[in-house]
There are 4 protein chains.
Amino acid sequence: MSVMRLGYVHINVTDLAESKKHYIETLGMDAVHEEDGTVYLKSWDEADHHSVVLTEGGVGLVKLGYKVSDEASLADIEQRVRAFGASYERMSKGDNQSVGDGLRITLPSEHTLELYSDIEYVGTATGLWNPDPWPRDGIRGIGVPRLDHTLITTEEPVLLERFFSEVLDFRPAERLVGGEDNTELVASWMFCGDQPHDIAFVQGENGKLHHFAYHIADWSALLHAGDVFSMHDVPIDFGPARHGITRGETIYFFDPAGNRNEVFSGGYRTGKDFRTITWTMDQAARGINFTHRELDQDFLTVVT
Amino acid sequence: MSVMRLGYVHINVTDLAESKKHYIETLGMDAVHEEDGTVYLKSWDEADHHSVVLTEGGVGLVKLGYKVSDEASLADIEQRVRAFGASYERMSKGDNQSVGDGLRITLPSEHTLELYSDIEYVGTATGLWNPDPWPRDGIRGIGVPRLDHTLITTEEPVLLERFFSEVLDFRPAERLVGGEDNTELVASWMFCGDQPHDIAFVQGENGKLHHFAYHIADWSALLHAGDVFSMHDVPIDFGPARHGITRGETIYFFDPAGNRNEVFSGGYRTGKDFRTITWTMDQAARGINFTHRELDQDFLTVVT
Amino acid sequence: MSVMRLGYVHINVTDLAESKKHYIETLGMDAVHEEDGTVYLKSWDEADHHSVVLTEGGVGLVKLGYKVSDEASLADIEQRVRAFGASYERMSKGDNQSVGDGLRITLPSEHTLELYSDIEYVGTATGLWNPDPWPRDGIRGIGVPRLDHTLITTEEPVLLERFFSEVLDFRPAERLVGGEDNTELVASWMFCGDQPHDIAFVQGENGKLHHFAYHIADWSALLHAGDVFSMHDVPIDFGPARHGITRGETIYFFDPAGNRNEVFSGGYRTGKDFRTITWTMDQAARGINFTHRELDQDFLTVVT
Amino acid sequence: MSVMRLGYVHINVTDLAESKKHYIETLGMDAVHEEDGTVYLKSWDEADHHSVVLTEGGVGLVKLGYKVSDEASLADIEQRVRAFGASYERMSKGDNQSVGDGLRITLPSEHTLELYSDIEYVGTATGLWNPDPWPRDGIRGIGVPRLDHTLITTEEPVLLERFFSEVLDFRPAERLVGGEDNTELVASWMFCGDQPHDIAFVQGENGKLHHFAYHIADWSALLHAGDVFSMHDVPIDFGPARHGITRGETIYFFDPAGNRNEVFSGGYRTGKDFRTITWTMDQAARGINFTHRELDQDFLTVVT
């Protein structure tokens, strides 16, 4: 498992100033760099140059970046991509601000996935010497510590699961199945380390973003986040709620452009020997929103 | 302020066995007495004989009982009821299981309100000697510690507020106003001690129950409660969420008969010098559900 | 019960600048007024002019102020003080900054207790119109919402309990007893509203302060408080921990002058019919620190 | 990184019946197997046959088991152990109840470390189909979900860190350094996945156990755990408290034999690119107990 985690999410936003306010003042990220209508943001507990990139113009996902442990792994993955038959290109240092060489893959779901191991090190807000548990001077709004995972939509979940499994060594922690005799894969939550998910996808239109998520400390941090959303007039999709799937706790909300975000806490520990949990469609609502067991139509239909 | 608190809620339920399961297994109350299709329940941190009474047959509120500090106060209140012009009768020891003499008042909203100071002392589950903070052997389901408040509907909020103020020395902690120039009282949250509310009412049909609420420890207890509701297939109205009004935290749900319950935590401290907070209709959704700022129609329309 | 709550604590501090930093930057109180080496502070959820008063010079308690609901009650209390035989004087508007007429009583324990019903109204930070649950722009450090109670020492707990009971209508929520056959009162936690305690006292030297306490939201707020104490180098006495007595959650710490403070959350609801809980000396450690069941000598011996 | 996690801790206990009560009734583990004075226990969220093994007779660590992802990795590790020059032997299926072939290594610190990839699969209490977030019928006491990490003592931290790094691909998340110019390694917290630590060691006597830890949900679960410890008369070492090192939250306590346990929540996400955090001795107390910044002598000196 050489892929370490979701490194960055690059999205389009309709109005950059408005979205900067959301990501900086409400979520509490720091703007690290801005150039030509694109702003690069990081959270306080992230050490790399950026984890969220906003470009003005439209809405939706530009691309995802997953960080790989080393250059040798990139070469190995390149071979596997070729073997899988996915289209890709080598990306070069400078193609992305502060990011080194890597691979740019077009997923079977038509999303762009970039893999890289080299990105400028900036350091966390608490530093490497006798650190505080959180930045005593630097929390704005919610103060999200770090990016966690993303959920995208795909016409062919089986194919995308096979890609992440065969090419990138991801494993499914949980799967939602439907159709006759539960033989059809509707959604899959896959991990590359030992958390419940680093990527997830659900059947839907290719190329779309359902949401990307930040990890926050715990259930109490979600109450605080919900308060801040209200004070800042951020639209809520649903939550605070317990997830059945991943066992985490959640609030879904929207940035000013309409891209769905999540703050997520909790979850269990996975690992290479983790046996996949299966959810059936009759329990899907409980899986998504364990507390309410109801899903609003927005959650099922709105993607960007 | 001689009224101390909401002492009991007596409701009708369609199926007693089913509702007993809800109040005993899910909420964790203890059945103290059962006779002729009526069951008397108490929570673990309550010392009096019962706080919830269920009678089989129909749905909705039979009556509310508020406990008064002493017999002398009952006499004083009787005079005030007469002066106010509300109809009432004296109730006698034995009219209610384990409850002594008192007053039975028909509120301007047509609800029956009983006042009493004498009720059989049973004691809390943790006792009076070197107690544990919660009963080490006796938590079932959510394990609600105690009843907290109730919300009823009335055609004339102003009149009901005047009753509770003039006759019972309640004060409004918060008020929701509407109409031209915000001169119309839509709802009022009133207290008799130093909590945010012991009774609340909102404009609506006379004689109806919107919900009654249990107090639980904190926001984390709400997550646990939400999990139990899901495991026990209890329908949720909304929550976990922050209230703007009372600043508490909440989940609303339904008993098997359709009576709305709430688990509630938090809130601020009031007192006789507390200045009333006012909410305007444009902020009502934020007042009820600060987190989401949206109200589903059920919450506004379903009463029993 | 006309006494509503602990209104203010006036203490001496050795270095005013240093202590202001503690109460303003660490605890998050606001300085409302400063004059002649005395500073008046309030917390964000308090509406009255001040709740903590610091005077430079020495250490320890100058006096306590408890707020009474109305002038008539003051007259009634004056009679009772006389009947009890405690010494007192009338205090006049202006004796205390922004406080009106009242009574200044010398308690049997030699502490000075002021009673008043008139104090300048300043208002809370969240206001009276469609308020947020906490001040979106104004939390510094821990951001304590309000003063809660105080614990003082007395040579004669029985006498002091009798004073608070007979003169001020306080009742004991919990008592610690020792001596032969548990007939000796060692400490008493007394309330005037429906919280577990508004004043407490333990056997010890007359005139001394053990601590005064702020109420904070919940157990999670205590973790945050503990982090801030560490970041600001505030000495901790003990906690976070559960109290057996009052069932609350706590951290004890010291201001720069050495006066002990507490942040306190939780507790149960009392009221006029609450039956007193009794702790015996063999369980005293569990009563104070339910989690550890050990008391350090500092907690038992350090007073100011 | 083929080592996945701490799989089991095997310890001696003086009185098996008494210790079973602690691990089963207080911590909430299940006894899976018992034979010849040895009992095998698992927690509800663990899928493998056992995670804690108790053998009657004495006190202290018998051995640690870390689970490896596959047989091929075991062969690779065997080569590295030889290259490192540590003594080891092959262990065979049946040497340990329900565990397959593996390696038994004598660490430079004289502890016995077993590595294995094959262990009987039992399954978690919530199962693999539409699972609840926790076992609705099966929580006893604290209900620890899973084992997390262990802390052992060693005469030569540098050597042990080199072993875990070179042979097992662990990395140090945090290090405590002392001596002249901070050039001496005092303790190291090392991870194999993406949590803050899977093993830790501190300078001390070879072959000793400082503690082993369970992961629990969050800070609120620690309050509950602390209450249960008190109700069950479990001796506390320290906590609830925040760790500076790992940023987690903790309570340390002792089993009836005197072996130190921990319940631990929180922590950050590491990974192969994580840069090591360094603590200096002057901040060590803050690193261990961020809340209090004091260490009692027991914590520093008591090992088993």
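## Backbone exceptions

A:Asn130 sits in the loop between β8 (112-116) and β9 (146-154) of chain A. Strands here are DSSP runs of E of at least two residues, helices are runs of H or I of at least four residues, and both are numbered from the N terminus. A:Asn130 is not a glycine, yet its phi is positive, at about 45 degrees. D:Asp36 is another non-glycine residue with a positive phi, here about 50 degrees. D:Asp36 belongs to the loop between β2 (30-35) and β3 (38-42) of chain D. Most residues other than glycine have a negative phi, and most peptide bonds are trans.

The peptide bond from A:Gly239 to A:Pro240 is cis, with omega near 0 degrees. A:Pro240 lies within strand β14 (residues 236-242) of chain A. In chain D, the bond from D:Gly239 to D:Pro240 is also cis, with omega near 0 degrees. D:Pro240, however, is placed in the loop between α4 (219-231) and β14 (241-242) of chain D.

## Basis of the model

This is a predicted model, in which local features need pLDDT of at least 70 and side-chain atom pairs count only at pLDDT 80 or more, while totals for chains, interfaces and linings use all residues. Residues are numbered from 1 along each chain as its sequence is written, chains are lettered from A and ligands numbered from 1 in the order in which they are written, and side-chain values use heavy atoms, with hydrogens and water left out.

## Chain A

Chain A contains six helices and 17 strands. Its radius of gyration, taken over C-alpha atoms, is 18 Å, close to the 19 Å that the globule rule gives for 304 residues, so chain A is as compact as a globular protein of that length. The globule rule is 2.2 Å times the number of residues to the power 0.38. Along its principal axes, the C-alpha trace of chain A spans about 55 × 45 × 40 Å.

## Chains D and A

Copies are superposed by least squares on the C-alpha atoms of residues with pLDDT of at least 70 in both. The same surface serves both copies, as 100% of the contact residues of chain D recur in chain A. Contact means heavy atoms within 4.5 Å. Chain D gives 43 residues to the contact and chain A gives 43.

Chain D and chain A bury about 3,700 Å² between them, with 49% from carbon and sulfur atoms. Buried area is the accessible area (1.4 Å probe) that two parts lose on being put together, summed over both.

## Polar links and make-up, D to A

Eight salt bridges cross the interface of chain D and chain A. The rule asks for a side-chain nitrogen of Lys or Arg within 4 Å of a carboxyl oxygen of Asp or Glu. D:Asp198 forms a salt bridge with A:Arg269, with the closest N and O atoms 2.9 Å apart. Between chain D and chain A, 19 residue pairs are in polar contact (both at pLDDT 80 or more). A polar contact is a pair of N or O atoms within 3.5 Å; within protein, one must be able to donate a hydrogen and the other to accept it, and residues adjacent in sequence count only if both atoms are side-chain atoms.

On the side of chain D that touches chain A, β1 (3-13), β9 (146-154) and β17 (277-280) of chain D each supply at least two residues. The largest share, four residues, comes from β17(D). By class, this side has 14 nonpolar, 13 polar and 16 charged residues. Ala, Val, Leu, Ile, Met, Phe, Trp, Tyr, Cys and Pro count as nonpolar, Asp, Glu, Lys and Arg as charged, and the others, Gly among them, as polar.

## Chains B and C

Chain B is laid on chain C with an RMSD of 0.0 Å by a turn of 180 degrees and a shift of 0.0 Å along the axis. That is the relation of a two-fold axis. The same surface serves both copies, with 100% of the contact residues of chain B recurring in chain C. The contact takes 42 residues from chain B and 43 residues from chain C. About 3,600 Å² is buried between chain B and chain C, 48% of it on carbon and sulfur atoms.

Eight salt bridges are found across the interface of chain B and chain C. One of them joins C:Asp45 to B:Arg247, the closest N and O atoms being 2.7 Å apart. The side of chain B that touches chain C draws at least two residues from each of β1 (3-13), β9 (146-154) and β17 (277-280) of chain B. Its largest share, four residues, comes from β17(B). The residues of this side divide into 14 nonpolar, 12 polar and 16 charged.
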